[in-house]
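Dear colleague,

Please find below the structure that I am handing over to you. My findings follow directly after it.

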Amino acid sequence: MNKMKLSKTALWILGIGFFIITSAVLVMLHAGQSGDVEQLGENLSVTQTVLTTLTSEREDLDSLLTQLNNQLDEAEAAYSQSQANFPHAVMSIEHDEELFLIADDYNLEVMSLTASEPRENKVEGIPFDNTIFEMEVRGEVSNILSFINNVTTGGYFDSATVELVNMEVPEPDEDETPTAVIKLIIYSYEGE
């Protein structure tokens with residue numbers, strides 16, 4: 001077998017060629033990685049901007065959530081307060097007694113007093129009952145007006161309204177006492 005011998009010059013040329021090819025490959029890899037580094041830098045910058053925006057939006061949404069929770073708490077407190085103002089059931093005997101006591105305070109004579117059966121109603125999905133009291137009283141006009149004022153603003157009938165007042169006042173020369181028919185509606189909350 002013949003062995004092939006390479007001269008020193010050929011070895012040098014071969015070494016330089018290998019060095020040039022290796023250098024070219026490394027330069028190409030470096031250039032490719034530089035482009036990747038620039039792309040990654042741009043992506044990082046965009047991601048940081050988006051993160052900042054999302055963080056700001058989250059803080060705004062957290063603030064809005066806190067505000068809405070506070071409004072909900074206020075609404076629930078107002079709802080509870082409204083429920084407390086409406087009795088759960090109208091006890092007509094208790095209200096009859098109170099109406100007689102108020103009439104007596106103003107020196108009025110109660111001629112008649114009737115109460116209806118509670119009627120079920122619903123407003124915007126909220127169930128409640130109302131009971132109608134109709135009474136006729138006799139006495140001085142100022143006392144009748146004071147009686148009506150006490151019933152509407154006195155505090156005992158917080159959940160009541162005066163729907164109708166029909167007052168008959170005789171002529172000054174007649175010897176009759178003024179009378180009034182008063183229609184009072186008392187509301188009660190049924191609960192859910």
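Glu163 is partly exposed, with a relative accessible area of 49%; here buried stands for under 20% relative accessible area, exposed for over 50%, and partly exposed for what lies in between (1.4 Å probe, protein chains only). The side chain of Glu163 forms a salt bridge with that of Lys183, at 3.2 Å from N to O. A salt bridge requires a side-chain nitrogen of Lys or Arg within 4 Å of a carboxyl oxygen of Asp or Glu. This pair links distant parts of the chain, with Glu163 in strand 4 (residues 160-168) and Lys183 in strand 5, 20 residues apart. Lys183 is likewise partly exposed, at 22% relative accessibility.

Please note that this is a predicted model, in which local features need a pLDDT of at least 70 and side-chain atom pairs count only at pLDDT 80 or more, while totals for chains, interfaces and linings use all residues. Residues are numbered from 1 along each chain as its sequence is written, and side-chain values use heavy atoms, with hydrogens and water left out.

On confidence, pLDDT is the predictor's confidence in each residue, from 0 to 100. The protein chain averages a pLDDT of 80, and 85% of the residues score at least 70. Over residues 86-90 pLDDT stays under 50, and the model has 16 contacts beyond four places in sequence for this stretch. A contact means heavy atoms within 4.5 Å.

As to the overall arrangement, the protein chain has three helices and five strands, in the order α-α-β-β-β-α-β-β from the N terminus. Helices (H or I, at least four residues) and strands (E, at least two) are DSSP runs, numbered from the N terminus. Of the 192 residues, 19% count as buried. Among contacts with a separation of 6 or more, 66% are between residues 24 or more positions apart. The protein chain exposes about 14,500 Å², of which carbon and sulfur atoms supply 56%; accessible areas come from the Shrake-Rupley method with a 1.4 Å probe, and for residues only the protein chains shown count as cover.

The structure holds three salt bridges. Besides the pair described above, the side chains of Glu109 and Arg138 meet in one, at 3.9 Å from N to O. Glu109 lies in strand 1 and Arg138 in strand 3, so the pair ties together parts that are 29 residues apart in sequence. Glu109 is partly exposed at a relative accessible area of 44%, and Arg138 is partly exposed at 29%. Arg58 and Asp62 also form a salt bridge, at 3.9 Å from N to O. Because they are four residues apart in helix 1, Arg58 and Asp62 are separated by about one helical turn. Arg58 counts as exposed at 58% relative accessibility, whereas Asp62 is partly exposed at 37%.

Turning to the interior, a nonpolar core is a set of buried Ala, Val, Leu, Ile, Met, Phe, Trp, Tyr and Cys residues joined through side-chain atoms within 4.5 Å. The largest such core has 18 residues, of which Leu99, Val137 and Phe147 touch the most other members. Helix 2 (92-105), strand 3 (126-138), helix 3 (141-153) and strand 5 (179-189) each supply at least two residues of this core. Leaving aside its neighbours within four places in sequence, Leu99 is in contact with Leu113, Phe133, Met135, Phe147, Val151, Phe157 and Leu184.

Thr179, in strand 5, counts as buried at 16% relative accessibility. Not counting residues up to four places away in sequence, Thr179 touches Glu136, Val137, Arg138, Ile144, Asn166, Met167 and Glu168.

At the surface, Trp12, Ile16, Phe19 and Ile20 form a nonpolar patch with about 500 Å² of accessible area together. Patches are made of residues with over 30% relative accessible area and no salt bridge, like charges being joined within 9 Å and nonpolar side chains (Val, Leu, Ile, Met, Phe, Trp, Tyr) within 5 Å. Trp12 lies in helix 1 (residues 8-85) and counts as exposed at 62% relative accessibility.

Finally, one backbone detail: Asn107 has a positive phi of about 55° although it is not a glycine. Most residues other than glycine have a negative phi. Asn107 lies in the loop between helix 2 and strand 1 (109-115) and counts as exposed at 62% relative accessibility.

Yours sincerely
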